[in-house]
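Subject: Model for you to look at

Hi,

Here is the structure I said I would pass on.

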Amino acid sequence: MTTDFPYDAGNAGDLIKHEWLLRSLDWILRRGTYLDAFAGVPNRRLVPKVADRLLGAPAELRLRGVQKETMAQGLYLGSTELARSHRCEPEVLVFEEEPDKKAELERAGFSVLELAGGSGYNALQAENLASMPPIQLLLLDPYNAIEKSERHKPAPEQFWRDLGEFPGAVLLFVLNKDPGGEYGSLYRRRMGRLSWVRPIFRAIVPPILESGIRGEDDKFVEMSYLPEPDAAWVDVERR
């Protein structure tokens with residue numbers, strides 16, 4: 001674990017994202033294929049305050065049980081390891097454009113995809129999807145708000161069109177310092193248009209102040225779940 005991060009693993013955003021991921025894997029996959037297009041690193045050092053929060057969480061939190069064994073080793077599992085260790089045994093595909101993170105994934109035994117276009121935003125392009133098995137669940141976690149990020153390029157127009165046409169389920173996670181500002185408003189408009197094409201379930205969680213856990217005191221967590229467009233229950237809900 002050589003990569004430095006300005007936030008603690010297991011902060012509020014991580015907990016929400018990873019709990020939704022585990023639940024989505026429960027619902028969607030039956031030995032299917034999962035793609036993490038902004039994979040990051042497999043695991044991170046666990047800080048005591050996060051460990052205390054997890055241990056004190058309700059028993060219904062799936063993440064607490066899954067993380068319990070690695071917590072004893074002082075580690076917090078990232079999305080790639082959570083998917084790889086899931087009971088439905090999905091095929092896990094990963095992409096990461098940052099060389100140091102890519103190296104950590106490879107050391108952990110992941111085979112990192114090569115994507116035309118060189119960005120996780122290009123994962124849904126037909127050329128890239130044609131080289132993979134059918135994806136049942138896709139996680140998009142570009143770290144900051146998709147429309148403006150210090151660490152990743154803004155999402156191109158084609159990304160939003162591809163997202164509307166993608167046949168699998170999608171988890172979309174962003175952090176936004178100002179949901180009502182220029183870029184937050186643009187993101188909301190994009191999601192509004194997307195909701196005309198496919199159903200979206202969204203949750204927005206405000207910053208948690210003075211928790212002592214880095215990375216959760218100045219950003220809103222925006223988590224969206226896009227079910228498979230042809231799921232039978234979606235048709236019932238839309239009638």
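Below is what I found, going from the whole chain to single residues.

First, some housekeeping. This is a predicted model, so local features need pLDDT of at least 70 and side-chain atom pairs count only at pLDDT 80 or more, while totals for chains, interfaces and linings use all residues. Residues are numbered from 1 along each chain as its sequence is written, and side-chain values use heavy atoms, with hydrogens and water left out.

**Overall**

The protein chain has nine helices and eight strands; these are DSSP runs numbered from the N terminus, with helices being H or I of at least four residues and strands E of at least two. The C-alpha trace spans about 45 × 40 × 40 Å along its principal axes.

Of the 239 residues, 55% are buried. Here buried means under 20% relative accessible area, exposed over 50%, and partly exposed in between (1.4 Å probe, protein chains only). Taking contact as heavy atoms within 4.5 Å, 74% of the contacts between residues at least 6 apart in sequence join residues at least 24 apart.

On charge, there are 31 positive and 37 negative side chains, and the centres of the two sets lie 2 Å apart. Lys and Arg count as positive and Asp and Glu as negative, with His and the chain ends not counted; each charge is placed at NZ of Lys, CZ of Arg, CG of Asp or CD of Glu.

**The cores**

A nonpolar core here is a set of buried Ala, Val, Leu, Ile, Met, Phe, Trp, Tyr and Cys residues joined through side-chain atoms within 4.5 Å. The largest has 37 residues, and Tyr34 and Leu137 touch the most other members. Helix α1 (residues 12-28) gives the most to this core, with six residues. Apart from it lies another core of 27 residues, including Tyr121, Ile135, Ala155 and Tyr187.

Leaving aside neighbours within four places in sequence, the contacts of Leu137 include Leu21, Leu25, Ile28, Tyr34, Ala169 and Leu171.

Helix α7 (residues 157-165) is worth a look too: Phe159, Trp160, Asp162, Leu163 and Gly164 are buried there. Their cover includes β5 (137-140), β6 (169-176), α8 (182-194) and β8 (220-226).

**Single residues**

Two glutamates have positive phi. Glu89 has phi near 50° and sits in the loop between α4 (79-84) and β4 (91-94); at 46% relative accessibility it counts as partly exposed. Glu210 has phi near 60° and belongs to the loop between β7 (201-205) and β8. With a relative accessible area of 82%, Glu210 is exposed.

Not counting residues up to four places away in sequence, Glu81 touches Pro42, Ala108 and Phe110.

Lastly, Arg189 is found in helix α8 and counts as partly exposed, at 46% relative accessibility. Arg189 and Val174 are 15 residues apart in sequence and 15 Å apart in space, C-alpha to C-alpha.

Cheers
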